Amino acid sequence: MMNDTITQARPVGQSSERGRILRKMIWLISSPCNLAGLIGISVVGAVLPSATCLAADQTDVVITMDEREIRTAGIGTSTVEPERGETELSLPGTVAIPPSQLRVVAAPANGLVEAVLVATDENVTAGQPIARLRSPDLVEAQRQYLAAIADEALSADRLRRVRFLWESRVTPERELRVVETEAVNAKSRLDERAQILSLMEMSEADIETLRNSRRILSSVTVHAPISGTVVRRDASPGQRVEAAAPVVSLAALEPLWVNIQVPAARLPAITAGQAVVMPAYGVQGRIVRIGSTVEASTQSAVAVAEIGSANGTVRPGLAVLVTIRISQNGESQWSLPATSVVRHRDRAWVFVKDPRGFLARPVQVISETARSASVRGSLTKGDEVADRGVIALLSELAAADKD
């Protein structure tokens, strides 16, 4: 059994038990699903009760009332108006950095941070020095590189001698193949050691200098891999760090993302590509992604919009109000007073005036303010919907479920 919105209100128009039974019969026969539940028709092997049918049924629920009962309940109506153009939906959001534009510069080896050469929020260019690190691991890597150079030279020299002997038919071919394999392995180890030095932020020029001079360096300078802004300093001078520990975080701040909190009830109206505006900053953008999951605590999903930074006016971490422009996409959309829309069974309803009284009709709310609401549903121009005294009609709708 569902959780009714109204539990204490007394339904209107129940002047007699006969009138209540009559209204119940009209409601039951107004929907094939309700009638099926009444007579026990089996659908897919199960008997459908009328309460279950109301949740799935998309047709109207008839609430029979005469004019005297309507006046007694203080129910007033207003005419729905068709909307033209776009509807604006304002929602909160937070500015963030796109993950693809964020780079973490890590320590190339275990060691001691001698200096951090940039400050937070400082703009840097690709290749600019940003930190200096003293590392015994770097010293050891250079020593192994020099040893690999010597091994490779010895293997190449031995290969030349054995090849000469084999050509002179003094040495068997098998020995030549063994020496060739050793020479290839020695060359591979040398290339490996050179790659390790490169990963430790030694440039090709530094490696070539080491090869020629045999002079081992005890510190290395870390350079910026991209042009961007320093968004965080993760290490300080004098701090000991391990290999791959973050030292500085860089990011390109153009464009940016806005993570918009969209209530679950508004998600059907949001699509990728819709235009968004941040009026306070004069920035425009478009929705690029809509979350597939809903946060349980807030009952909202995240829609991501890509925007410009407005020359640095919009910054990551900023809490903003985003306006989403929702086009009608060929669907009828209506404007009516906000008091006309009620919630029942996790759905939005309006009460349309009918010769029999009112029709409770489900609608989809696109946007809503304190005074008006934009909805999509089976309405026509000139329809009158209840905008005062709707509590009585909501009580009738809840009573239909209970019965």
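**Figure 1. Contacts of Val248 in the predicted model.** Neighbours within four places in sequence left aside, Val248 is in contact (heavy atoms within 4.5 Å) with Arg103, Val104, Val105, Val116, Val118, Ile130, Val230, Arg232 and Asp234. The model is predicted, local features need pLDDT of at least 70, side-chain atom pairs count only at pLDDT 80 or more, and totals for chains, interfaces and linings use all residues. Residues are numbered from 1 along each chain as its sequence is written, and side-chain values use heavy atoms, with hydrogens and water left out.

**Figure 2. The largest nonpolar core.** A nonpolar core is a set of buried (under 20% relative accessible area, 1.4 Å probe, protein chains only) Ala, Val, Leu, Ile, Met, Phe, Trp, Tyr and Cys residues joined through side-chain atoms within 4.5 Å. The largest one has 32 residues, of which Val118, Ile130, Tyr145, Leu197, Val248 and Leu250 touch the most other members. At least two residues each come from strands E8 (111-116), E10 (129-134), E11 (219-223) and E14 (246-251) and from helices H5, H6 and H7 (204-213). Helices (H or I, at least four residues) and strands (E, at least two) are DSSP runs, numbered from the N terminus. H5 gives the most to this core, 6 residues.

**Figure 3. A separate core.** Another core, of 24 residues, lies apart from the largest one. Among its members are Ile260, Val262, Leu267 and Val283.

**Figure 4. Val170 in its loop.** Val170 is located in the loop between helix H5 (136-167) and helix H6 (173-199). With a relative accessible area of 58%, Val170 is exposed (over 50%).
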